[in-house]
Amino acid sequence: MSKNLVELMADLREDEALDLIKSQIEDGTNPREILEDCKEAMQIIGDRFEAGEYFLPELMLSGEMINDVMEIIKPHLKDEEEDEKLGTIVLGTVKGDIHDIGKDIVAFMLDINGFEVYDIGVDVSVQEFIDKIEEVDPDIVALSGFLTTVFDKMKDTIDAIKSEGLREDVKIMIGGGPIDDQIREYTGADAFGDDAMEAVAIAKKWMGE
Amino acid sequence: MSLTDNWSELNPDEKFEARFESFKNPEDIDFVDEETEKKYKQAVQRLKDAIELNEPDRVPIAPNIGFYPTEYAGITAEEAMYDYDKLAMAWEKFNKDFDFDFLATSTMIGPGAVFETLDYQLYRWPGHGTDENTSYQCVEDEYMKADEYDALIADPSGFWMRDYLPRIFGSLAPWSQLPPFTDLVELPFVGFSMFPIGLPDVQESFEKYLEAGRQALEWIQAVGEIDGKASAVQGLPGFMGGVTKAPFDVLSDTLRGTQPLMIDMFRRPEKILEAMEQIVPIMIETGVRGATANNNPMVFIPLHKGADSFMSREQFLKFYWPTLKKVIIGLVEEGCVPFLFVEGAYNERLDLIADPELPEGRTYWLFDKTDMVEAKKHLSGKAAIGGNVSASLIKTGTSEEVKDYVKNLIDDVADGGGFILSTGVVVDDAEAENLKAMIEAGREYGVY
């Protein structure tokens, strides 16, 4: 029964999966068990994405599916016990740029891979980054940007992290359309990634996974 | 509007020739001297040779320029969208100082006043949601709801006027009360159909609409003069006639939004396919009309959501390519040159876009992060390719590095013609010396 839910979700058969969850709730299944199955399914989806079997449409659908699942089981969940997280990440699109599709995918992939992700949105000022870093003390800061004008904004952000004395506490990754290793060097970031899978791989490596 | 009296009798090749002939001999450009006119014609011929996969005298140089002239001339992006004198100063300075084969057009910057009057919601622009020095950016949303495919399919123009426009232009929100024009069938219908126009908020929206029209006319006169002057005084042709889009991107970028449309791919795939078929002739007509009006056969098609990292090959073949291909063929049949700008990468698509059903020597593919050697391999003898000096190199490299890159690129892919030297992205930010180095390297190494 339980294996079945994992398969249905991993195969993105959303209607069947949701029907099954509803009947499980009615039968008195512990919602935490259902949640565990969902997590397992999301892991499989993440793996298939990394393997090039799934693409953004599948990822988008799975995100939607998870929202629907949470809507069903949330009222039945008792107090959340927090899972052990791999690490904490502050993520945002830098000042002047409001592109969010790539950033959202990276946030989603990091999240399902066990990271605590603080997504502070788009058009994020240097000060907002600094404030969030001071607030949550992350292991990693991830800067996103799509326009060619973000090179300097990323550099400014990283410079500010340095001058605030926070640079030694965090690893910094950058990504987005025109970002490459040359821009990594220019901005002083530790790494850049071409896509969400690379973001996950870099983050895991940094956390010693 | 057509270019010749016997247009409908011409075949696609004759239309192609007629468009280039007219592009090369423009009646509305008053060249300052014969030398300038000669330079203009040479540039057009260079482009035509590259498109037809022949060797021109040298590789055409056509970097993709966005807001960079503002930075170069020391004005803000916001000023360029509102103050056409400053726009003229900046673009004139840029075109003069860089002087590659084509003009950097001032038309893509857009009229801020018009957007403001219409209360444009689909975009944020400098001073209105983005900072004064940052380019305009699209704000995705579900401007079309999941249950509205049938309305779009039944009557695209009606849907645009009564549903889409009221959502993307705050000032036109009252247009949701407009009846479709198709109501106006017989005398008894007329009164019923007209009365909503009299409603006070609808009247007000039309006043805004008229105001925006006046502002747009002022703008088109200004940019027409700026670009026209670059042609007349410097002998630089424009690089772009019309603009159109892939039907999938129309749905994704501006109607449904990327995420909702991707979910539709599972929940209502047939509706997407049907809607895209409806959009095909509209996108062809838009592109052809622009090419004719601007007397330039190149029709720019920026490609977004079909790239390698967005969807699988199977999804590309099912959802993206068939209707894009129809748009390409439709444009070519009217003698136009589809100028396809592949943002991101098409490394997994090169064999698919080398489609044997597409006419040879009639399209131009501009690449960003696609492997140029592979692109040449697949498209050789089929389509012209261009690219792909990166924004990062132009912004943070040295002049020597830029020159080396261009030299290697030309060595790798310019052989036999069919290559245009360009940047892989639209340049908003750059080091002037590097951009100049790219152009110089093109002149130096690109001679056949």
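Biologist: How much of the contacts in chain B with a separation of 6 or more comes from residues 24 or more positions apart?

Modeller: In this predicted model, such pairs make up 74% of those contacts. A contact here requires C-beta atoms within 7 Å.

Biologist: What makes chain B agree with a compact globule?

Modeller: The rule puts a globule of 448 residues near 22 Å in radius of gyration, and chain B comes out at 22 Å, so the two agree. Its C-alpha atoms fill a box of roughly 70 × 50 × 50 Å along the principal axes.

Biologist: What share of chain B counts as buried, and what makes a residue buried?

Modeller: A residue needs 20 or more other C-beta atoms within 10 Å of its own. In chain B, 49% of the 448 residues pass that test.

Biologist: Why are strand 2 and strand 5 of chain A called edge strands?

Modeller: The open sheet has five strands in the order 2-1-3-4-5, paired in parallel. Strand 2 (116–119) and strand 5 (191–193) each have a single partner strand, so one side of each has no neighbour in the sheet. On average, neighbouring strands are turned by 25° against each other, direction ignored.

Biologist: How do you know that strand 1 and strand 3 of chain A pair?

Modeller: Pairing takes at least two bridges. Strand 1 (residues 88–93) and strand 3 (residues 140–144) of chain A have five bridges between them, so they count as a pair.

Biologist: Back in chain B, which way do helix 18 and helix 19 cross?

Modeller: Their crossing is right-handed. Helix 18 (residues 399–413) and helix 19 (residues 432–445) pack at about 35°, with axes 8 Å apart. Among the residues making the contact are B:Val402 and B:Ile410 of helix 18, and B:Ala437 and B:Met438 of helix 19. By class, the contact has seven nonpolar, three polar and three charged residues.

Biologist: How many residues of chain B are in contact with chain A, and which element of chain B gives the largest share?

Modeller: On chain B, 30 residues are in contact with 22 residues of chain A. Helix 12 of chain B gives the largest share, six residues. The chain B side has eleven nonpolar, 14 polar and five charged residues.

Notes: Residues are numbered from 1 along each chain as its sequence is written. Chains are lettered from A and ligands numbered from 1 in the order in which they are written. This is a predicted model: local features need pLDDT of at least 70, side-chain atom pairs count only at pLDDT 80 or more; totals for chains, interfaces and linings use all residues. Axes are lines fitted to C-alpha atoms, for helices over the stretch in contact, and angles run from 0 to 180 degrees between N-to-C directions. Helices (H or I, at least four residues) and strands (E, at least two) are DSSP runs, numbered from the N terminus. A crossing is left-handed if the near helix is turned anticlockwise from the far one by less than a right angle, and right-handed if clockwise. Two residues are in contact if their C-beta atoms, placed from the backbone, lie within 7 Å. Ala, Val, Leu, Ile, Met, Phe, Trp, Tyr, Cys and Pro count as nonpolar, Asp, Glu, Lys and Arg as charged, and the others, Gly among them, as polar. The radius of gyration is taken over C-alpha atoms; the globule rule is 2.2 Å times the number of residues to the power 0.38. A residue is buried if 20 or more other C-beta atoms lie within 10 Å of its own, exposed if 12 or fewer, and partly exposed in between; C-beta atoms are placed from the backbone.
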